Amino acid sequence: MTTKILLGVFGFIPAFDQYFCKTFNEIFKNKCGFTVVNNNSLNCLKEFYDNNQMTIDKLANETFTTDFLTGEKTNITYPKAKIIDMFGFTNGLN
């Protein structure tokens with residue numbers, strides 16, 4: 001729950017929910033665990049980002065938030081951690 005709050009409020013870490021953890025445990029062959037935020041899990045996230053930086057940066061720069069009052073897109077882009085979170089969640093869900 002803590003990482004969900006940190007993602008929603010500050011946007012600097014993916015939410016370590018069951019789907020995200022499933023995806024990243026498969027990617028890293030249970031090397032990182034992703035049950036708690038620690039140096040090991042953060043280093044794995046950095047490695048994932050480094051290996052996919054161009055794609056993540058491109059998606060982050062192209063994905064804009066929506067204004068709930070108007071339904072229009074804003075000029076605020078998604079944080080990179082949210083892009084990584086969406087990848088992990090969607091992959092783990094399937």
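In this predicted model, helix H4 (residues 53–62) and helix H5 (residues 80–93) pack against each other, their axes coming within 9 Å. The axes cross at roughly 110°. Angles of 65 to 115 degrees count as roughly perpendicular, and H4 and H5 are therefore roughly perpendicular to each other. On the H4 side, the contact is made by Ile-56, Asp-57, Leu-59 and Ala-60. H5 contributes Lys-80, Ile-83 and Ile-84. Five of these contact residues are nonpolar and two are charged. None is polar.

Two strands were also found. Strand S1 (residues 64–66) and strand S2 (residues 73–77) run antiparallel and are joined by two bridges. Phe-64 stands opposite Thr-77 in S2. Together S1 and S2 form a hairpin, with six residues between them. Gly-71, in the turn, has a positive phi of about 80°.

The cysteines were examined next. The count comes to one disulfide. Cys-32 and Cys-44 form this bond, with their sulfur atoms 1.4 Å apart. Cys-32 lies in the loop between helix H2 (18–27) and helix H3 (39–51), whereas Cys-44 lies in helix H3, so the pair ties together parts that are twelve residues apart in sequence. Both Cys-32 and Cys-44 are buried.

Cys-21 is another case. A disulfide requires sulfur atoms within 2.5 Å. The closest cysteine sulfur to that of Cys-21 is in Cys-32, 11 Å away, which is too far for a bond. The cut-off for buried is under 20% relative accessible area. Cys-21 has 11% relative accessibility, so Cys-21 counts as buried.

Note on methods: Residues are numbered from 1 along each chain as its sequence is written. This is a predicted model: local features need pLDDT of at least 70, side-chain atom pairs count only at pLDDT 80 or more; totals for chains, interfaces and linings use all residues. Side-chain values use heavy atoms; hydrogens and water are left out. Axes are lines fitted to C-alpha atoms, for helices over the stretch in contact, and angles run from 0 to 180 degrees between N-to-C directions. Helices (H or I, at least four residues) and strands (E, at least two) are DSSP runs, numbered from the N terminus. Angles under 35 degrees count as roughly parallel, over 145 as roughly antiparallel, 65 to 115 as roughly perpendicular and the rest as oblique. Contact means heavy atoms within 4.5 Å. Ala, Val, Leu, Ile, Met, Phe, Trp, Tyr, Cys and Pro count as nonpolar, Asp, Glu, Lys and Arg as charged, and the others, Gly among them, as polar. Two strands pair if DSSP finds at least two bridges between them. Buried means under 20% relative accessible area, exposed over 50%, partly exposed in between (1.4 Å probe, protein chains only).
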